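Hi everyone, thanks for making time for this.

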Amino acid sequence: MSTALVWFRRDFRVADNPALIAALAAHDQVLPVYIHAPDEEAPWQPGAASRWWLHHSLTAHAARLAAIGAPLVIRAGRDSLAELRKLVKETGATAVHWNRLYEPALIARDTRIKQALRDDGLDAESHNSALLVEPWELKTGGGDPYRVFTPFWRNAGARAVREPLAAPKKISAPKKIPAGLGIDQLKLLPTIRWDDGFYADWTPGEAGAWAQTEAFCSDGAAHYKEQRDLPAQASTSRLSPHLHFGEIGPVQLVHHTRRLVGERQVKGLTGNIEHFIRELGWREFSHHLLFHFPTTPDQPLYPKFAAFPWRDAKDYANDLRAWQRGLTGVPIVDAGMRQLWITGWMHNRVRMIVASFLTKNLLIPWQEGARWFWDTLVDASLAQNTLGWQWSAGCGADAAPYFRIFNPVLQSGKVDGEGVYLRHWVPEISKLPDASLHAPWEAKPAIWLAAKFSPGQDYPKPIVSLSESRERALAAYARIKGPDTSSPLL
Ligand code: FAD
């Protein structure tokens with residue numbers, strides 16, 4: 001009787017799970033394990049919203065595994081290798097399989113663990129469950145990592161995508177199951193209940209991921225290209241947290257969505273689905289960048305940006321707090337920040353607007369925004385968050401040019417003309433007419449009066465002048481502009 005451990009980490013699904021399927025194919029018995037060791041992820045231990053998701057994702061995964069015959073044994077500690085060795089001893093396992101993660105601290109840990117287990121005489125194998133293309137598989141013609149999305153995706157997107165692996169019907173677990181912790185003992189849920197809004201929006205777990213996929217395919221997918229920038233529409237997939245926790249994988253999504261195109265003869269569906277798959281390409285690109293430029297979660301990709309004249313922390317503390325709480329007085333920014341706080345998610349276009357406002361209008365370092373997102377997003381991903389923030393600040397790969405400063409009022413009018421999103425998240429201004437919603441401070445006093453709206457009392461006046469702060473940002477960026485002769489950090 002041979003036994004293998006399957007070490008689950010952020011791959012909480014049984015379908016298309018290469019580590020699980022490989023262990024089942026080679027061994028008589030398989031024991032699923034999860035080891036909670038957040039300190040090994042320092043300084044990027046999961047934030048509060050991610051811990052909420054993790055709790056529920058683990059709960060769903062344990063139930064899914066139990067239904068096909070195996071318990072999920074949960075351990076916690078500061079040393080995953082020590083826990084794995086204990087489990088090997090307790091079960092007599094001869095192999096450990098897992099799926100790869102790509103954050104720098106975890107690559108270092110996993111490399112060390114693989115070597116140590118092999119030195120112990122075990123078969124230690126890692127697999128790819130999370131990406132279409134591994135970051136080390138792609139290079140530019142010159143042999144360098146890609147730093148521009150279009151050529152990256154021309155290469156990555158043209159590759160054949162392997163067939164998804166079928167879910168096992170049964171797992172034979174060892175007769176004697178080692179002791180483990182209950183999920184509650186990991187204390188992942190908040191003690192002060194700020195998470196009520198999450199329950200209405202999300203169903204973590206493999207079944208929840210597929211329900212969300214079906215909802216997207218039967219509705220938003222058909223309008224994806226045209227409506228994906230409109231925050232009041234449910235036209236994007238909202239699959240980001242499910243993808244991050246590996247409850248569904250990109251291989252499954254590519255095959256599933258392309259198959260639907262064939263089945264449902266809906267006009268224009270092909271273009272919409274291919275656009276969606278291209279967005280999955282940005283996820284791939286972010287992992288490529290993080291792998292090749294591992295210092296970028298804290299440092300700009302281009303070193304010359306390290307000299308950027310950000311404001312001092314003491315000077316910006318109040319503005320940062322207003323931004324975090326959704327009280328800047330700029331409705332589209334506040335709407336996004338409140339959506340984030342209440343639901344743990346924010347629409348992509350609005351993420352770009354709030355990030356531009358923080359870095360360019362408020363001149364607050366992008367790292368402050370990235371840290372706040374890290375703690376509050378249910379989809380917080382080191383690779384994608386880093387790319388999004390460096391792109392918005394203008395210092396990363398394929399970044400928005402420094403002189404491109406979103407005007408949040410114009411953006412708001414463009415993406416939420418009738419104010420459906422604004423009225424939902426900023427009810428203080430909801431009685432204003434559509435045309436005045438995007439910049440209430442510019443409306444005539446007669447309009448305020450008619451709407452019984454008192455600027456500065458019912459809702460803050462903007463904490464910064466959009467035109468003056470734009471000029472200030474342009475001057476700051478001018479100090480470091482010029483041809484970029486610096487090479488990116490390695
Ligand atoms: P869809 O439009 O349905 O796209 C499908 C999937 O493609 C997404 O789930 C996501 O995995 C991927 N994707 C889409 N757009 C992007 C993008 N621009 N970059 C990378 N991947 C993308 N995404 C995260 O998953 N985690 C983060 O921590 C994160 N932080 C961000 C921070 C900033 C400042 C910005 C501007 C963007 C950030 N994004 C992040 C990217 C993007 O906003 C989200 O992936 C997207 O809003 C998720 O919604 P969706 O699943 O409905 O997307």
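Predicted model: local features only at pLDDT ≥ 70, side-chain atom pairs only at ≥ 80, totals over all residues.

A polar backbone atom of Ser240 sits 3.1 Å from an oxygen atom of the ligand, so the pair falls within 3.5 Å and counts as a polar contact. Arg238 also takes part through its backbone, with a polar atom 2.6 Å from a ligand oxygen. Then there is Ser381, where a backbone N or O atom lies 3.1 Å from an oxygen atom of the ligand. How much of the ligand's accessible area does the protein cover? On its own the ligand has 820 Å² of accessible area, and the protein covers 95% of that.

Who are the neighbours? There are 27 residues surrounding the ligand, and the closest are Tyr224, Thr236, Ser237, Arg238 and Asn348.

Let's take the largest cavity, which holds about 170 Å³ of space. Its lining is made of 21 residues, and those nearest the centre are Arg10, Leu101, Ala130, His244 and Arg283. By type, the lining splits into 6 nonpolar, 8 polar and 7 charged residues. Two helices, H9 (240-244) and H11 (269-292), each supply at least two residues of it. And where does the largest cavity lie? Domain 1 (3-128) and domain 2 (131-163 + 207-292) both give residues to the lining, so this cavity lies between them.

On to the second largest cavity, with a volume of about 100 Å³. Among the residues lining it are Ser286, Phe293, Thr386 and Gln390. Here the lining has 7 nonpolar and 5 polar residues, with no charged ones. Which helix gives the most to this lining? That is H16, with 4 residues. Helix H11 turns up again here: H11 and H16 (382-393) each supply at least two residues. As for domains, the lining draws at least three residues from each of domain 2 (131-163 + 207-292) and domain 3 (303-478).

That's my tour, and I'm happy to go back to any part of it.

Technical notes
Residues numbered from 1 in each chain as written. Heavy atoms only, no water. 1 Å grid on protein atoms, 1.4 Å probe; cavity = no way out; pocket = protein on both sides within 12 Å on 5 of 7 lines; lining within 4 Å. Points joined across faces, edges and corners; volume = space filled by probe spheres on them. Nonpolar A, V, L, I, M, F, W, Y, C, P; charged D, E, K, R; others polar. Domains from an automatic or database assignment. Near = heavy atom within 4 Å. Polar contact = N/O pair within 3.5 Å; in protein donor to acceptor, adjacent residues only side chain to side chain. Areas by Shrake-Rupley, 256 points an atom, 1.4 Å probe, with all protein chains shown as cover.
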